[in-house]
Amino acid sequence: MLLSLVFIIHGLVCSLVQQVGRPTGMPWLEARGGEGGINHVKMEEYGFHYKYPHPAVTTDCVIFGFDGESLKVLLIERGYDPYKGCWAFPGGFLEMDESADEGARRELKEETGLETAYVKQFHTFSTPDRDPRERVISVAYYSLVRISEVRGMDDAAQAKWFPLDAVPQLAFDHREMLHLATEELRKTFVLGGKDLDRLTEGFTKEEVEKIREVIR
């Protein structure tokens, strides 16, 4: 009897702590300000605080473009340090109120003007020293589009399509990123299925076969 009473009291105490300490909704999104940024609400006010250092998260997009004969890849020239003046993939830091998929498409549009409905997540790059600014984890995506006009915007000095066999030196670990993305693209064309259907939506059967030949 006494043991049962102890369990009941313990359960009530745990329930009370959860209700008092639990924030409602997403409190870090309550206030916005300063050039579109987010004013972070101190989590101590809600009874929670993660005291250990934790990494920032970015997204990067490897966009392959088809011009009817060959494949190219979209790069941006970085307008700011680190790696100012170097070429890299479109990308940037994830905002607090968006998913990684949304962040990838947003950064792509902001830096190049290019919009695509489908991006495929293929790898997470997490080597501790991959970014000289801080501990940064990058969620990487790839997509396939018809080549169209692009322009450097936001913090990108310029945007340009490069042939796959003439890619310049890349910032960060983006050379490895390109290698893995190319392998994923090739694998998708080999395996087929829904991923290939989504990736090649809007392309003709003849174009799909031509791309298949190019990436073999």
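Me: Contact here means heavy atoms within 4.5 Å. Among contacts between residues at least 6 apart in sequence, what share joins residues at least 24 apart?

Reply: Happy to start there, and please keep in mind that this is a predicted model. The count takes in contacts of the protein chain between residues at least 6 apart in sequence. Of these, the share that joins residues at least 24 apart is 67%.

Me: How much of the protein chain is buried?

Reply: A residue counts as buried when its relative accessible area is under 20%. The protein chain has 216 residues, and the buried ones make up 38%.

Me: Is Cys61 buried or exposed?

Reply: Cys61 is found in strand S3, which covers residues 56-66. Its relative accessibility is 0%, and therefore Cys61 counts as buried.

Me: On to the rings: what kind of aromatic pair do Trp87 and Phe162 form?

Reply: The structure holds five aromatic pairs. In the pair of Trp87 and Phe162, the centres are 4.9 Å apart and the planes are 75 degrees apart. Planes over 60 degrees apart count as edge-to-face, so this pair is edge-to-face.

Me: Which strands does that pair link?

Reply: Trp87 and Phe162 are both buried. They are 75 residues apart, so to speak in distant parts of the chain, and the strands are S5 (residues 87-88) for Trp87 and S9 (residues 156-163) for Phe162.

Me: Which residues do ring pairs link into a cluster?

Reply: This is a separate look at the aromatic rings. Ring pairs join these residues into a cluster: Phe122, Phe125 and Tyr142.

Me: How are H3 and H5 oriented to each other?

Reply: The axes of H3 (residues 174-191) and H5 (residues 205-215) come within 10 Å and cross at roughly 130 degrees. The crossing is left-handed. The two helices are therefore oblique.

Me: Which residues make that contact?

Reply: By class, the contact has five nonpolar, no polar and two charged residues. From H5 come Val208, Ile211, Arg212 and Ile215, and from H3 come Leu185, Arg186 and Phe189.

Key: Residues are numbered from 1 along each chain as its sequence is written. This is a predicted model: local features need pLDDT of at least 70, side-chain atom pairs count only at pLDDT 80 or more; totals for chains, interfaces and linings use all residues. Side-chain values use heavy atoms; hydrogens and water are left out. Axes are lines fitted to C-alpha atoms, for helices over the stretch in contact, and angles run from 0 to 180 degrees between N-to-C directions. Helices (H or I, at least four residues) and strands (E, at least two) are DSSP runs, numbered from the N terminus. Angles under 35 degrees count as roughly parallel, over 145 as roughly antiparallel, 65 to 115 as roughly perpendicular and the rest as oblique. A crossing is left-handed if the near helix is turned anticlockwise from the far one by less than a right angle, and right-handed if clockwise. Ala, Val, Leu, Ile, Met, Phe, Trp, Tyr, Cys and Pro count as nonpolar, Asp, Glu, Lys and Arg as charged, and the others, Gly among them, as polar. Rings of Phe, Tyr and Trp (its six-membered ring) pair if their centres lie within 6.5 Å; planes under 30 degrees apart count as stacked, over 60 as edge-to-face and the rest as tilted. Buried means under 20% relative accessible area, exposed over 50%, partly exposed in between (1.4 Å probe, protein chains only).
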